[in-house]
Amino acid sequence: RRFVVLSFFLLFVFREARMEYPVARRDESVVDDYHGVQIVDPYRWMEKQTENPELEEWIGKEQELFKGYMQDTQKDEIKEELLKSYNYEKYGCPFKRGERYFYYYNSGIQNQSVLFVQDALDAEARVFLDPNTWSEDGTVSISAQAFSECGSLFAYGVSKSGSDLSTLNVMEVATGKKLDDEVKNVKYSGISWTHDNKGFFYSRYPAEIADKSSDLKDHKLYYHRVGTDQEQDVLVLEIPENPTWLISGEVSDDGNYLLISVSESCKHANRLYFARLTDLSLPDQLEIVKVIDNNDFEYSYVTNVGEVFFFTTDNNAPKCRLISINFASFQPEEWKEVIAESEKDVLNFIYCLNENKLVACYMRDVAQILLVFDLEGKLLGEIALPTLGSIGGISGHKKQRQMFFKFTSFTYPGTIFTYDLETQEQKVFKETVIDGFQASAFVTKQVFFPSKDGTKIPMFIIHPSSLELNGNSPTILYGYGGFQISINPSFSTTRCNFLAGYNAVYAIANIRGGAEYGVDWHKGGILENKQNSYDDFIGAAEYLIQEGYTNSNKLAILGGSNGGLLVAACMNQRPELFRAVVSQVGVLDLLRYHKFTIGYMWASDYGLSDNPEQFPFIYKISPLHNLRSDNQYPALLLTTADHDDRVVPGHSFKFAAQIQHLNPNNQRPLLIRIESKAGHGAGKPTDKVMEEIAEIYAFIGKVTESVWTTPK
């Protein structure tokens, strides 16, 4: 009898768990030959987003499936609490342009932050530009932006539905009048004004391909003169023999030079060219001089004194250093080292302020510090910071002695400080106040654990002060590990909500592939070493379990973009280690990622399947191509968006269809969340952000059998 009851119970659980997934057509005739290896791609048809009614029907069914699964979760209660906690005033660092000060401000839960202006720091502020008025649902946002040197004109990009594609507009600062200028097809571009205030440099693609999902080519640098039609814009530089390279332009501090950076990939490396801006009426006749014509190292402009230019670089310095190059000759043997590479700390960036002061931001064991040097490289002092954390923003100008910087950390909501480079006087300018928030309610730890090969990996662990470490706490483990991007301490009310609502743990693993310890740390987690990133992340999960924070039935892993690739790969390799996996806008097809939009730029981290030497290690870790039918996978939630023109939705579509096809009887749900009128993440309105986070938290809560408790 006990056997019958138990059998009935197991059958009930199985039937509860089983889901009826939408059937997606498989075309087994689509076969690619990779260096003698035949690989079927049955869902190739899902890569075509437009004019594809079959795909639209499948998307609709998947959306209904996800919606149905989420009906009996606590998502509405969670979203209400997220919005309540997020509803506090948020200020960006003020910055001075001309005689006016500007800053971004959000009153609480506005979909987009508003740009304000004031005539003095103690003067009344007024709205300068409010993107919330551009659409009812908040899906239109500001992208690139720049004021002219005298502060009389403002050029800004407008992006719709989170797309990387934008249109540039120009407005008069004094009157707020929008001019007739409209510069279209701008993508992966900054804006840099010539100092005569007559025009600016920008980059764009040809009109016929700028908004396409296929691979983008022929990025070009242009000069736009205010008051003229875009068709009259002057082509400054194109490189037709290398159509996949990206080109950007920046006017020097003194306005006498145009600095041109050319990048082959997302590797932090660039060619460096310049042109003298002696006659701005003839920008098409600029003589471009090549200072560095290889893609071996990164050179980032800091400032210049006449013909002597200062750059941060990783050339012979994996943790970066500051050098000077005289543009009169610029021979490498004549370069001078100004600030030597640190033995331990990584140089993140340098600002030149007060004519001859250098404010350098270094990273020390993932936390940031600020040091002040002179132009000779002499250390003048260190700027005091409240605790271990990150610099959330710096504003200032070479001609200004005052700078603003924002400091934040996991339990430190953020303070904007002013610092006088002449007197070294530091003051609190604006402190973030959140009603009811108490930093003492949480504990932050930084631990170092050994990865598979013995490398010590840093990880931050945050949890409520009252948490009892009994090995049964709901836990999110987050990671990224790619493209030389560091995950530094930052404040998040939604993270604190998760900790308090579930009495949970949140861990951030600073795995290899990032830049936490410089170039070598990055190289240790890319290309043929990419598996190190996954070993590091798996090691982090094992550490959390071994140290009594959680167990496999309570552990969820979360990552976005490259982090979405990370968690999907770890799910494939160790499915029993996790209860839930959330892959946001993930790069999941490593054999074909380079064929869409800007994907080819990622080859510096992933390699190319077209390369016979790289194909084996790519194929071995590609999430889509390592799904199996004999695994019991954790609960899976993929998220993507219809306007993501960076990591195209096809990655998630194909992965969802394949894993559902191979595992129709998986005990835990395999779902995809597909958002409309959204992109890769930038410019997403607050309401959409909170809704997505609430549904992710509710999904994790449901599959880990954890109950959200809203604080009284």
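## A buried glycine

Gly414 is buried, at 2% relative accessible area. This comes from a predicted model. Gly414 sits in strand β30, which spans residues 412–420.

Ser490 lies 76 residues from Gly414 in sequence. In space, the C-alpha atoms of Gly414 and Ser490 are 8.8 Å apart.

## The nonpolar cores

The largest nonpolar core holds 119 residues. Trp58, Met459, Leu477, Phe655 and Phe699 touch the most other members. Helix α11, residues 686–703, gives the most to this core, with eight residues. In soluble globular proteins, nonpolar side chains tend to be buried together.

Take Leu477. Leaving aside neighbours within four places in sequence, its contacts include Met459, Ala507, Ala509 and Phe537. Ala540, Ala541 and Leu544 are also among them, as are Leu555, Ala556, Ile557 and Leu558. A second core is separate and has 17 residues, including Leu221, Tyr223, Val236 and Leu277.

## Where α3 meets α4

Helix α3 covers residues 75–86, and helix α4 covers residues 493–502. Their axes come within 9 Å and cross at roughly 130°. The two helices are therefore oblique to each other. The crossing of α3 past α4 is right-handed.

On the α3 side, the contact uses Ile78, Glu81, Leu82, Ser85 and Tyr86. On the α4 side, Thr493, Thr494, Asn497 and Tyr502 take part. By class, four of these residues are nonpolar, four are polar and one is charged.

Terms used: Residues are numbered from 1 along each chain as its sequence is written. This is a predicted model: local features need pLDDT of at least 70, side-chain atom pairs count only at pLDDT 80 or more; totals for chains, interfaces and linings use all residues. Side-chain values use heavy atoms; hydrogens and water are left out. Axes are lines fitted to C-alpha atoms, for helices over the stretch in contact, and angles run from 0 to 180 degrees between N-to-C directions. Helices (H or I, at least four residues) and strands (E, at least two) are DSSP runs, numbered from the N terminus. Angles under 35 degrees count as roughly parallel, over 145 as roughly antiparallel, 65 to 115 as roughly perpendicular and the rest as oblique. A crossing is left-handed if the near helix is turned anticlockwise from the far one by less than a right angle, and right-handed if clockwise. Contact means heavy atoms within 4.5 Å. Ala, Val, Leu, Ile, Met, Phe, Trp, Tyr, Cys and Pro count as nonpolar, Asp, Glu, Lys and Arg as charged, and the others, Gly among them, as polar. A nonpolar core is a set of buried Ala, Val, Leu, Ile, Met, Phe, Trp, Tyr and Cys residues joined through side-chain atoms within 4.5 Å. Buried means under 20% relative accessible area, exposed over 50%, partly exposed in between (1.4 Å probe, protein chains only).
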